[in-house]
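Dear colleague,

My notes on what was found in it follow directly after.

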Amino acid sequence: MKKYEVVTSISYPKKGAMGKTGSWRVFRPIFDKAKCVKCLRCWIFCPEGTIKRKKDDSIEIDYDYCKGCGICANVCKVKAITMEREAKKK
Amino acid sequence: MAIKDLPIDECLLTGNAACPGCPATLGLRLVFKALGKNTIMVVPACCTAVIESLYPHTSFDIPVMNIAFEAAAAGASGVEAALRKLGKKDTTVLAWAGDGGTYDIGIQALSGAIERGTNFIYICYNNQIYSNTGIQRSGATPYGAWTTTTVGGKTEFRKDMGEIIIAHHLPYAAQTCISYPEDLYGKVKKAKDIKGPKYIEILAPCPPGWRFSMDRTIDMGILAVETGAWALYEYENGNMTFNGKSKLILENKIDRKPVEEWIRQQGRFSHLFKPEKDTTKITAIQKNIDQTWERYRKQYL
């Protein structure tokens, strides 16, 4: 990456600038590939961009950074994504 | 256009400081998809200044300049003048401010920049409160809504910023919502190719500010449009066109849903329903929306 020699303070782009935000999660999205119809609604509505769109329009969830808001499960019309609690009661 | 046609490239990096379910990051992703990497962004004090994350790292993969609250449009004017002098004609200048930095604090700089004909895109993401500083009322807060500074509900109606901007007779102005990504992407893409000042306002339902569950951000935007509390339109060279559901509402092809359906699901209006229903205030909100659409029909149909 190109660094600039200027007197003012500059921040440089970095993935995970606030650390692994996946640790904020209370509910975890579980993706069922069999139900998916590749409409990509979860991909476009993910506020974080943690749902990765692959070349064949299938998706993959990046659990390192997913904050667990649940929008993907809510916008999925075929209920291919469900939210499950991270820590189970013993 | 369908969702499949939107580009895969991202300029907003994951692992940023936004709240879960944030509509601003959703808007930013779509805007960056439309504008591409050859963009310089000017950000005043707003949630986005926080979403950029902590020094020495940033979550934005494009050049961003942070500037004082009232100076987003003024700063963008300066950037645009510098680019013009350097002969960089294809770089887009984007000013991205919240509703506080647009409706209240930044209106003077914005009006000036539009009047001077600065070649830039000004995007206001409107969450109807000062959410960065902890949910205070702004000029965009609707009537009856709770904020930390209007504890019993706001007693005034919001102002219509879209029409204040249109009064400048600029080349392009539009209103859109994060719940309609194709509409938002199309409008930003269109604005990119127009010369002169462009203004786009995005409705951004804020989960902590509006007091609803974070998985319902998209639903709140859709309901705002379907109840008529928000309109999707674009103004281009003197012509006003309504888009999507708002077009059908304007032409009386579908009925507007009662506004109660939208406000009932937001905690900021809960004092209108509990302990008992405040019919007077709910009727006042509905009446205001009815009047707005009556005016739209008279002026633009």
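In this predicted model, Ala174(B) faces Glu234(B), a residue of β8(B). The two strands concerned are β6 (residues 172-177) and β8 (residues 233-236) of chain B, which run antiparallel and are joined by four bridges. Helix α7 (residues 181-192) of chain B packs on the sheet, where it touches β4, β5, β6, β7 (198-203) and β8 of chain B. The direction of α7(B) makes about 160° with that of β6(B).

The sheet as a whole is open and has eight strands, in the order β3-β1-β4-β5-β7-β6-β8-β9 (chain B), with mixed pairing. Its edges are formed by β3 (64-66) and β9 (239-242) of chain B; each has a single partner strand, so one side of each is left without a neighbour in the sheet. From one strand to the next, the twist averages 15°.

A further helix, α3 (residues 72-86) of chain B, lies across β1 (39-43), β3, β4 (92-98) and β5 (121-126) of chain B, and runs at about 170° to β4(B). α3(B) also packs against helix α5 (residues 107-115) of chain B, at an angle of about 35° and with the axes 7 Å apart. In this packing, Ala73(B), Ala74(B) and Ser77(B) of α3(B) meet Ala109(B), Leu110(B) and Ala113(B) of α5(B). Sorted by class, the contact comprises five nonpolar residues, one polar residue and no charged ones.

Ala113(B), in helix α5 of chain B, counts as buried, at 0% relative accessibility. Leaving aside residues up to four places away in sequence, Ala113(B) touches Ala73(B), Ser77(B), Thr118(B) and Phe120(B).

Thr58(B) is buried, its relative accessible area being 9%. A polar atom of the Thr58(B) side chain lies 3.2 Å from the backbone nitrogen of Phe60(B).

On the cysteines, the count of disulfides over all chains is zero. The sulfur of Cys22(B) has its closest cysteine sulfur in Cys19(B), at 6.1 Å, which is too far for a bond. For Cys11(B), the closest cysteine sulfur is in Cys46(A), 16 Å away, again too far for a bond. Cys22(B) is buried, with a relative accessible area of 11%, and Cys11(B) counts as buried at 7%.

A cis peptide bond joins Tyr55(B) to Pro56(B), with omega about 5°; Pro56(B) is in the loop between α2 (47-51) and β2 of chain B. Another cis peptide bond joins Lys274(B) to Pro275(B), with omega about -5°, and Pro275(B) is in the loop between α11 (260-263) and α12 (279-300) of chain B.

Ile135(B), although not a glycine, has a positive phi of about 65°. Ile135(B) is found in the loop between β5 and α6 (161-166) of chain B and is buried, with a relative accessible area of 11%. Arg211(B), also not a glycine, has a positive phi near 65°. Arg211(B) is in the loop between α8 (207-210) and α9 (217-226) of chain B and counts as partly exposed, at 42% relative accessibility.

With kind regards

Notes
Residues numbered from 1 in each chain as written. Chains lettered and ligands numbered in written order. Predicted model: local features only at pLDDT ≥ 70, side-chain atom pairs only at ≥ 80, totals over all residues. Heavy atoms only, no water. Pairing = 2+ DSSP bridges. Axes fitted to C-alpha atoms, helices over the stretch in contact; angles between N-to-C directions. Contact = heavy atoms within 4.5 Å. Buried < 20%, exposed > 50% of the residue type's maximum accessible area, 1.4 Å probe, protein only. Polar contact = N/O pair within 3.5 Å; in protein donor to acceptor, adjacent residues only side chain to side chain. Disulfide = S-S within 2.5 Å. Nonpolar A, V, L, I, M, F, W, Y, C, P; charged D, E, K, R; others polar.
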